[in-house]
Amino acid sequence: MDLRAENITKFLYSPSLFYAVRKAIGVLLPVVIFLGVFQKHNEGMAFAAGALCIALIDQPGGTKKSRFNEMLAGLIMGNLAALITGLINPYPPLVLIVICAQVFFFSMLSVYGVRGGFIGFSCMLIMMLTLSTPLTSEQALSHIQYTLLGSVSYFLFSIISSYIFRFREERQTLADALYATADYMKARADLYDTAKDLDDCYRQLTPKMVSMTNRHQTARDVVLRNLPEGKYRHDRQRIILWNIFIDMIALLDTLVATQTDYVRLRERFRDHDILLFMRDTLFKQSRTLNRTALSLSRNRPVDYRNSVKAELRAIEFEIEQLRNNGLPKEDPETYALAVQILRRMRNANRFINRIADNLRENTQIEPLNTLRRDHSLIQFQTSQEIRLDKLRRNLNMESAIFRYALRVTLAVFLVLLTINLAPLLYSDSATIRALTNHSYWIVITILIIMRPGFALTRQRTEKRLTGTILGCAITLLLFLLTDNAAILFIIMLLAMVLGNAFVATNYRLGSTYITIYVLIGFYFLTPSVLFIIGERALDTALACLIAFGCSFVFPWWEKQQILKLARKTIQANHDYLQNAMLYAQSSQQQGNREKDPSPADNIFFFSTQLARKNLHNAYSEFADSVSRMLNEPKSKQIHIRPLNKLLVQNDTVGSEINSLIPYLASLPETPPKMQQSLDYIEAMLDENRTEVPDPPSQIETDGEYSNLAFPLKQMQKAVENIRKQAVELGLMPAIEKSQNKEADSPVPTQEHGDKPDISLTTQEHGNEAVKQTL
């Protein structure tokens with residue numbers, strides 16, 4: 001299949017398009033009925049407003065239960081806000097106070113995360129749409145009835161359609177995680193390409209990592225809440241999803257099983273074909289995974305084969321040549337690294353083939369049972385407890401959300417004050433009256449683009465402005481080409497679907513489509529469409545200017561939280577190492593009693609998995625914060641170099657723990673010197689320790705211990721750098737010199753640690769493949 005055609009097919013079967021179509025049907029169909037059949041304009045618009053606000057909460061991600069609760073909360077609070085707004089609408093002095101109070105409260109709902117932000121925005125939107133409709137107190141009650149009816153209708157429509165298409169949603173959600181995994185693998189392939197700048201490769205890898213992590217969590221919520229139980233008619237689909245999810249996670253664990261020094265690889269093999277073969281292997285594997293995800297989303301058998309045997313054999317041949325040329329003696333660590341990469345790529349190929357095998361025709365599917373599918377898995381799911389105490393604790397200037405709520409409230413206050421004063425000061429101006437008819441566009445645009453962080457607000461401001469201007473230009477051209485109502489309605493419907501589909505992934509393009517369908521919608525309501533287009537562009541420009549200006553009032557810069565996130569990442573690494581050591585020790589004891597112990601029977605296994613998941617979340621927050629700070633004014637950036645080093649070294653430690661523990665768990669016991677080294681590493685990561693045991697000058701390297709020596713040396717050097725940077729930043733106390741006199745013992749270490757291998761994986765609950773990584 002052609003790549004462009006494949007991308008189109010991929011989009012057609014994506015969760016974002018599925019939800020966008022559902023929203024378009026749920027919102028527009030009732031409007032068509034009200035306007036086309038009953039000719040009730042005001043009632044139809046009120047109904048659409050209620051449905052639209054609940055549709056905004058109906059986003060991909062999360063569980064069905066969480067979406068049910070979120071939409072229900074939005075339905076109740078949104079219509080209550082609409083009722084209050086409708087009742088005070090005839091009293092302008094009250095409008096400013098009540099609206100600003102509601103804006104502040106609903107903005108504060110962002111303390112509950114992204115989903116809380118959706119609820120708050122939907123409530124503010126229905127409030128502003130109600131405010132834009134002139135109503136008496138009696139009319140307000142009737143208006144709210146239709147708004148409530150619209151909210152309830154979409155709420156029921158979403159629940160029913162979600163149940164009918166539940167398996168489609170689950171397949172598409174997991175396929176979306178596979179797409180993200182394939183994109184991540186493709187980005188990692190560029191790290192082996194010496195023709196590409198390594199810094200650029202890392203910059204492109206970071207957003208892929210964050211996107212993959214979020215989509216894996218969404219897939220985890222879906223899979224773990226619908227486990228195969230063997231007694232339902234559709235249990236085969238549950239088994240397929242379970243097996244694919246487990247193998248997908250095992251695939252990533254294999255790819256990032258140890259830290260890779262790409263600087264050393266590039267310097268040593270700059271003109272060598274081995275890096276080309278490694279790059280091509282990852283690229284072809286990502287391609288196979290991408291096509292497998294496409295088959296999953298379409299619910300069709302896999303009919304695509306793409307073997308990497310030739311590349312793997314070529315890598316093996318090149319390594320053999322290097323061995324014959326004396327590389328193991330000349331540079332043993334680089335040679336060991338090349339062998340590790342070959343092994344990881346072989347294992348990755350096996351997992352990709354197993355994922356595809358689950359989707360082939362006439363295959364017997366059995367659930368992978370290396371882990372218990374019980375209630376302990378609930379710890380790995382997304383949970384968001386709604387407590388008023390959390391809202392109360394954020395009512396201070398130390399909270400980013402509190403400052404954000406103040407900024408949004410100030411911006412809305414300025415707009416509403418101007419709207420109320422302008423007609424009084426220019427009562428004879430028809431232009432002023434016309435421009436204020438749709439002034440709520442300014443408020444809604446401000447609510448859309450303002451975000452707690454300066455960098456995000458600036459990015460959304462620029463994208464919203466350019467998207468709106470482009471949408472206005474396209475709409476103007478469209479009206480010059482045709483005035484056929486049927487054609488325009490079809491285009492409006494397509495624009496609404498595409499706008500909702502792209503707004504989360506490509507905000508500029510999504511804004512363009514949203515502008516088109518809004519302007520065409522007004523074409524059916526007012527004859528002065530050219531004036532509406534100009535007003536839309538002007539209102540958006542004013543909103544962007546106000547939002548950007550208010551970003552400097554009560555600002556929240558990343559420097560105000562980034563050190564906390566750095567400390568949190570170090571603590572998460574320490575917790576992961578502690579749990580991993582307990583798991584390894586208990587596995588050694590269990591292995592001495594049982595011939596083939598299963599990780600599922602080890603009480604420390606889930607705590608280790610959960611600690612690793614928490615580490616990945618903490619690392620992702622830290623990396624994202626560093627990225628955002630780099631987009632802020634330079635005067636607001638702090639400790640860029642030390643924080644980048646902390647980012648790099650924490651990634652190294654987490655990756656090496658992931659590589660080291662499976663080997664330790666398979667040994668009869670941990671060798672004494674290695675245990676001493678682990679104790680030293682653990683103590684260096686402990687922020688409560690000022691004295692640490694001395695590291696060993698030598699560790700065991702005989703036989704199978706040679707596989708453990710390199711990760712331990714890497715970890716030892718990394719934790720020393722972490723401690724050094726953390727002490728300089730005031731995150732950890734200094735180590736007393738007398739207790740660490742051997743810390744500078746000469747050991748072979750990674751010399752090029754300034755380049756991070758950003759490899760964020762997520763956590764799961766195992767299968768046969770997990771035995772190799774945990």
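The model is predicted, so local features need pLDDT of at least 70 and side-chain atom pairs count only at pLDDT 80 or more, while totals for chains, interfaces and linings use all residues. Residues are numbered from 1 along each chain as its sequence is written, and side-chain values use heavy atoms, leaving out hydrogens and water.

Consider helix H8 (residues 166-189) and helix H9 (residues 198-224), whose axes lie 8 Å apart at an angle of about 155°. H8 is therefore roughly antiparallel to H9, a term for angles over 145 degrees. Axes here are lines fitted to C-alpha atoms over the stretch in contact, and angles run from 0 to 180 degrees between N-to-C directions.

In the contact (heavy atoms within 4.5 Å), the residues of H8 include Leu 174, Ala 177 and Arg 188, and those of H9 include Met 209, Met 212 and Val 222. By class, this contact of H8 with H9 has ten nonpolar, four polar and six charged residues. Ala, Val, Leu, Ile, Met, Phe, Trp, Tyr, Cys and Pro count as nonpolar, Asp, Glu, Lys and Arg as charged, and the others, Gly among them, as polar.

Arg 188 also belongs to the lining of the second largest cavity, together with Tyr 192, Leu 255, Leu 282, Ile 341, Arg 344 and Met 345. A cavity is a set of points on a 1 Å grid over the protein atoms alone where a 1.4 Å probe fits but cannot get out, and lining residues have an atom within 4 Å of a point. This second largest cavity holds about 40 Å³ of space, a volume being the space filled by probe spheres set on the points. Helix H15 (residues 332-357) gives the largest share of its lining, three residues.

Notes: Helix = DSSP H or I, 4+ residues; strand = E, 2+ residues; numbered from the N terminus. Parallel < 35°, antiparallel > 145°, perpendicular 65-115°, else oblique. 1 Å grid on protein atoms, 1.4 Å probe; cavity = no way out; pocket = protein on both sides within 12 Å on 5 of 7 lines; lining within 4 Å.
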